[in-house]
Amino acid sequence: MTMKKGLLLVVLVGVVVAVWLDRRPQPELPGTPAGQVVPLEAVAARAERQQNAAAALDAATSAPDKQILFGDLHVHTTYSVDAFAWSLPVFGGEGVHPPAEACDYARHCAALDFWATTEHAESLTARHWRDLKAIVRQCNDVAGDPQNPDMVTFLGWEWTQMGYTPDTHYGHKNVILRHTDDDAVPARPIGAGGVAARAMRSPRPAWQDLLGPYTDFGNRQAQFDQQDKMRLLRAQGICDSGVPVRALPDDCSEFATTPAELFAKLADWGVERMVIPHGNTWGFYTPLGTGWDKQLTREQHDPDTQRLIEIYSGHGSAEAYRSWREVGFDADGNAVCPQPTDDYLPSCWQAGEIIRGRCGDLPGSECEQRVAEARHNALAAGIAGHHTVPGNRPEDWLDAGQCRDCFLPAFNHRPTSSVQYALAISNFDEVDAHGDGPLRFRFGFIGSSDNHSARPGTGFKHHDRAGITDTYGQDGHVRKVFIEAPRPKGDAAQSVPFDLEASRFNFLQVAESERAQSYFFAGGLVAAHGAGRSRDAIWEALQRREVYATSGERILLWFDLLGDDGAVAPMGSIVEAEGVPRFRVRAVGAFEQLPGCPEQSLSGLGAEAVESLCRGECYNPADQRQILDRIEVVRILPQDHPGEDVDTLIEDPWQVFPCSGDPRGCTVTFEDPDPRRVGREAVYYVRAIQRSSPTVNAAGLRCELDAQGQCIAVNPCFGDDRTPAEDDCQAPAEHRAWSSPIFIQDRAVAAP
């Protein structure tokens, strides 16, 4: 090496070291919520408009003391590690969004009635937990009269459980707490440990931490901050698993590896809580072949605590069961790649087709051997199957793995993890809580945002894809070098194995992040029929399952079982009955939205915050309502004997009723005289569906279809500059509300 080159190297090393030593750790701060409450007259106006809509359908007479309140029980800020990472400029992020901003967005941008903070427990240190409790209390303190607040804020966390195999994967669950005082909540959030905790706590290679800030030198402090965040998280010790929860120190990270352990720890605390599963069909991290069956036990399911399920979020719908499978199994239990059908292309199958397209002059038998090997390798790699095909592009996979006929589906949809499948199965080896029947899931339905930028309830307008969804951009070079696991290069006609569990990369680095960007949506909502606006009124509505989900639109929905004696059982009810059940549905479309923000948002936050946090758009209802197109009824007959075929038990839709186009809403009554349901349980829920409107990412991967309706090319909606920033990837979608089910246990004896 010449003296000149040696001197240059010394100078460069000196600069790197000088900049590194100049790093100034900046601890995360929770922020302070804006002190402005929503004016009482504005809150009263919401209720009055709703009462007028109910009166037009005679809906107020069945529940004159109740109003419908809209909320979001699944929200992340940059206190969650993944949200913090996505906020970095290298990901195209806007910078940190602390918990106080979620309070402000919920109140002044989205005009919600209630919300909950649900950070990943695996991300939280003891200081984070103290901050979150303080922010929740501050957000409630400025809400006005506790019996009639402008908004209620709940405290919670996400139990982010993941496994790399169906046997070890249970999925994510949100824990929501009724109260906020220290003596009424756990001293620590309870994480899941395992895959998620390792991903969040494992150190990156030293060279990445050293060089990472120089890939985006102007924003190097943000990366230094992330490194310090991870260092502090790793420095917090793990709680002793053999010590009772109340005897553990506050400043350790507590884990429960299964739902059974989570329920047991929560029971030990004895606090009022609910546990809400979510995202179960999202194949971004859910292993192939995962289903609800293993959780339908009295150990892994607590029916008193786990009463609700998230049927829709900004990560897609978890509703629909389909008969196709992403993986099959032979008589010996070995995984096999299913053949494609008219409505589904398995990803493992497409791995083989990509290799087939590269065979060139190879002999036919050799090509077929390599195709079979590619399918085997893709299955074995699970969620990282795309790492088994050298040099592949997202476009090469077409729409493999996706539900083609689902409403805003989850990416790589897993049908046996769907809500419909959960409601259809039974465990005949265990009885329900009352000891009078097989164990079944009886979930009420909620929608949520699962937003990671402190923006609860983003579904009120469909614009600004990067702002209202979890879309995140990536610099291509930085992604390949510092963020993603490297994929094999080239275009060889030869698949390569990939061992997910043995990889040094975590699940976020090996999953299909590029294609998944086409399946991030605006958030959903939960609507509660509450006897007032108070915390207690909302909690009690959630507990009795008198709630429904929406895809973000504030549709009004009532669904009741009508008794011969004039009694009414609302959605969420479990009823023993005999005879022909009779139902009534009443629904009203959501308000059309005006552009911009109302004056109360501007005065509550200020013009600068409205522009940066609300991104210039707020919930801003016009006087006109959207038109409902139809009411759909879904009927599910849960398994009545072991081995009963689930495919025959889920009737979707069972009945369809067109609406007249009246902007005042739609009323439907129907009965079920079908003798097939006599002597068994039947589950009914309804969907109120609006006429289609432009919706972000509604076309998924944007397939080009051939004459037979098959996908022959795709135009994914990427998070980086491969998709123009001004392209919101909009397509028509029919937004909807899903009622919680009514569960009817028929007392009659079925004819032999």
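Here are a few friendly notes on the salt bridges in this predicted model.

1. A word on conventions. Residues are numbered from 1 along each chain as its sequence is written, and side-chain values use heavy atoms, with hydrogens and water left out. As the model is predicted, local features need pLDDT of at least 70 and side-chain atom pairs count only at pLDDT 80 or more, while totals for chains, interfaces and linings use all residues.

2. The count comes to 52 salt bridges, each being a side-chain nitrogen of Lys or Arg within 4 Å of a carboxyl oxygen of Asp or Glu.

3. One of them joins Glu-681 to Arg-440, at 3.2 Å from N to O. Glu-681 sits in strand β26 (residues 681–690) and Arg-440 in the loop between β13 (438–439) and β14 (444–447), so the pair links parts of the chain 241 residues apart (strands are DSSP runs of E, at least two residues, numbered from the N terminus). Both Glu-681 and Arg-440 are buried (under 20% relative accessible area, 1.4 Å probe, protein chains only; exposed is over 50%, partly exposed in between).

4. Strand β26 also holds Arg-687, whose partner Glu-632 lies in strand β23 (residues 628–636), 55 residues away.

5. Glu-651 and Arg-676 form a salt bridge at 3.6 Å, N to O. Glu-651 is in strand β24 (residues 650–658) and Arg-676 in the loop between β25 (666–671) and β26, so this pair ties together parts 25 residues apart in sequence. Glu-651 counts as buried at 19% relative accessibility, whereas Arg-676 is partly exposed at 34%.

Conventions
Helices (H or I, at least four residues) and strands (E, at least two) are DSSP runs, numbered from the N terminus.
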